[in-house]
Amino acid sequence: MSDIPSDAPSDTPLPGVFQLTPLNPEFNDDPHKLLDRLRGECPVHRDTVAGTFILTRHADVRGVLSDTSMWRSPERAEPEATIQRAILEQRIEGIRMSEEEARSGILLMDEPDHMRIRGPFAKALYKRVARCKGLVQQVVDQWLDLVDGRSEFDAMNDFALRVPIDVIARILGVDESRLTEFREWSEGAILGLNPFRSEEDTQRLIVCTNALSEYMGNLMQRRRAEPADDLTSDMMKLQAEGAPLGDGEISNNLQGLLIGGNLTTTDLIGNAVWLLLKHPGELAKLKSDPSLINSAVEEVLRYESPVDITGRIAPRDMDVGGCPVRQAQSMFMSLRGANRDPAAFPDPHRFDIARKDAPHVAFGGGLHLCIGAPLARLEAQVALVTLFRRFPNLRLVDQDAKPEWRSMPFFRGLKEIRVAT
Ligand code: HEM
């Protein structure tokens, strides 16, 4: 047995990107042990295996994210940037899509194409989100009706997992009769975000992605011929009015709204339910002052960010936090690490729903700032207020149970949350 105290400075190598995923049990258990160490010892760390820098200081992460000259497209990364290269080469045999459709997701695109596509999407989406509170409430109520009367349920699978898909499907205009299939396809397509999926998962991914793409193509044709009150019709109308968007670009990014927004918002709602039930004092504060709901959701985003990292590529030789970074080198910004930086957030490991001036980076930033942030916030706010109003005695079945975090790389969410009513 070693007689070295467990909190002694470690001479083990600093963690790289692969150790900073939930596939590493130590990270899955407590990501902040590794992230705090990295920030303390080497805040702009070069991971030579993944061929990328990893940034953990809030000021550096914010600085890079808000720099609009940064590149995002993996094509621009140097050959040593193995993860960026892997993203690029990850064309999966069996997925039937035009080249245009396959390559036009705004998440990994640079200017001027990124804004050419993002602009009209953002315009149409924000307009819809601004008036969709009633729809979100209806979806939330509908799922809570199904668990009403039960003494126990799983707040993750019976609730948090259900709301975001239904909301976005309705915003997009998916036919009521196809909602079940649509949910299945979305869950399958989300497997595309997991680079470590099994062969069986890859087969499911192919089937679901093809079905989703075909469905979206058909929906677009139908809405072009006969518009309805939904986002797909909005996009067809903008295209007809002259917005320079190809059909493949519209289809890819409509699917992107679905895929980008589901797991993340599910985890936001799930993490919030878990954190509030684990911190009864904070929950009591929220119940006695419901106007805290906005800052409560922001604190969950900061404290248990659903997305781990985002990436950028240096457009020129530059200095990042005192460290030289060369043109075409890759940078991964640890959003989770930045959100617990003591230089930005006093007492960062304390969960405080009334925290003020807490500029977290859970939605990234700059030109690529999450387009779905207003929707995610709205869904989480309505979901939490309604859940705790309808179930005022809600509690964890086992208050001391160790949380079981899912092992999907770059996302943080729970497998289940057993609650008693
Ligand atoms: C809590 C929920 C969510 C979190 C934590 C989240 C997080 C993120 C992050 C970190 C990025 C990358 C930003 C960057 O690189 O600077 C992003 C981009 C994006 N998100 Fe979200 N997201 C959430 C919900 C949503 C929703 C609901 C939608 C769709 C309705 C969505 C759609 C997108 C899209 C399309 C992008 C790419 C934007 C671009 O590159 O211009 N997200 N999100």
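In which hand does H7 cross H17? H7 passes H17 in a right-handed crossing, meaning that the near helix is turned clockwise from the far one by less than a right angle. The model is predicted: local features need pLDDT of at least 70, side-chain atom pairs count only at pLDDT 80 or more, and totals for chains, interfaces and linings use all residues. Residues are numbered from 1 along each chain as its sequence is written, and side-chain values use heavy atoms, without hydrogens and water.

**View 1. Helices H7 and H17 pack at about 40 degrees.** H7 spans residues 133-147 and H17 residues 373-390, with axes 10 Å apart. Helices are DSSP runs of H or I, at least four residues; strands are runs of E, at least two. Contacts (heavy atoms within 4.5 Å) involve H7 residues including Val136, Val140 and Leu144, and H17 residues including Leu378, Val382 and Arg389. By class, the contact has seven nonpolar, two polar and six charged residues.

**View 2. Helix H9 is largely enclosed by the rest of the structure.** Ten of the ten residues in H9 (163-172) are buried (under 20% relative accessible area, 1.4 Å probe, protein chains only). Among them are Asp166 and Arg170. Just after H9, Gly173 takes a positive phi of about 100 degrees.

**View 3. Three strands form an open sheet in the order S3-S9-S8.** Pairing is antiparallel (at least two DSSP bridges between two strands). S3 (152-154) and S8 (395-396) are the edge strands. S3 and S9 (418-420) pair over three bridges. Glu152 has Ala420 in S9 as its bridge partner.

Conventions. Buried < 20%, exposed > 50% of the residue type's maximum accessible area, 1.4 Å probe, protein only. Axes fitted to C-alpha atoms, helices over the stretch in contact; angles between N-to-C directions. Nonpolar A, V, L, I, M, F, W, Y, C, P; charged D, E, K, R; others polar.
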